[in-house]
Amino acid sequence: MSEILRTFKHPPAGDLSSHCIPIMVKGVARGRLRPITMATVHNEAEIKLIAEWREASSAWFTTRFPLSEEGTRQWIEQQVLNADDRILFFVEDEEGTPVGQVGLLHYDETAKQCEYDNLLRGRKGKFGNIMNYALITLGIWSIEVLDVRVGYIRVVADNHRAIRIYQSLGAEEVERSPLVKSEENGVTRWLPAPTEVDGEPERELVTMRIKRESFLEILRSNHAE
């Protein structure tokens, strides 16, 4: 199954379109998921977009650091494209314009599970709820193509909007862990607290679980409407 991820990230020349996943809403294509490939690494405009989106949403990541286009390029090549258990997609609207990104990581073929991450809206798309449907599309694809049985989402507890979105898709909180702040060399990290925290923690990390049945129920509802 990991070979499938490699194929999507490194498609044959001229064959990228066949590895894009349509975002279907009530039988209508509202956009697509386009896998990020080496072509993006060499595309200055796309690298700039990803860096800008990450910077705009940096408050919701557990690690915050000064962003650069070169650093973003290296991250995509080394941490995404060279990772066997990870894939990242551009979310494109009906006109083919990138409006956000979404991906999965920690894909475990044996346990049939993964973590959905990097759900970022970069700009408003033509279809208002495209980011919600982008995650649904990725979830269905992971079930049908990767045979994922359960997925996890990790989100900081103060990102209330994201948590509401995940809950609306059937995700349930299974763990809440206190975080402690660490700052060094211009990098801010929110790390797991080594021991129990006295009083209310400054921040927490919520782990949510979404089972395949939740995505399949959404798919059935989408087809019935």
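Predicted model: local features only at pLDDT ≥ 70, side-chain atom pairs only at ≥ 80, totals over all residues.
Local features here need pLDDT of at least 70 and side-chain atom pairs count only at pLDDT 80 or more, while totals for chains, interfaces and linings use all residues. Residues are numbered from 1 along each chain as its sequence is written, and side-chain values use heavy atoms, with hydrogens and water left out.

The sheet, then. It is open, has 10 strands with mixed pairing, and runs in the order β1-β2-β4-β5-β6-β7-β10-β8-β9-β3. Strands are DSSP runs of E, at least two residues, numbered from the N terminus; two of them pair if DSSP finds at least two bridges between them. Strands β8 (residues 172-184) and β9 (residues 187-192) run antiparallel, joined by six bridges. Val180 stands opposite Leu191 in β9.

Next, salt bridges: a side-chain nitrogen of Lys or Arg within 4 Å of a carboxyl oxygen of Asp or Glu. The count is 18. One of them pairs Glu115 with Arg154, closest N and O atoms 2.7 Å apart. Glu115 lies in strand β6 and Arg154 in strand β7 (residues 150-156), 39 residues apart. Which of the two is buried? Glu115 is, at 10% relative accessible area, whereas Arg154 is partly exposed at 42%. The cut-offs are under 20% for buried and over 50% for exposed, with partly exposed in between (1.4 Å probe, protein chains only). Arg32, Arg34, Glu46 and Glu92 form a salt-bridge network.

Notes: Helix = DSSP H or I, 4+ residues; strand = E, 2+ residues; numbered from the N terminus.
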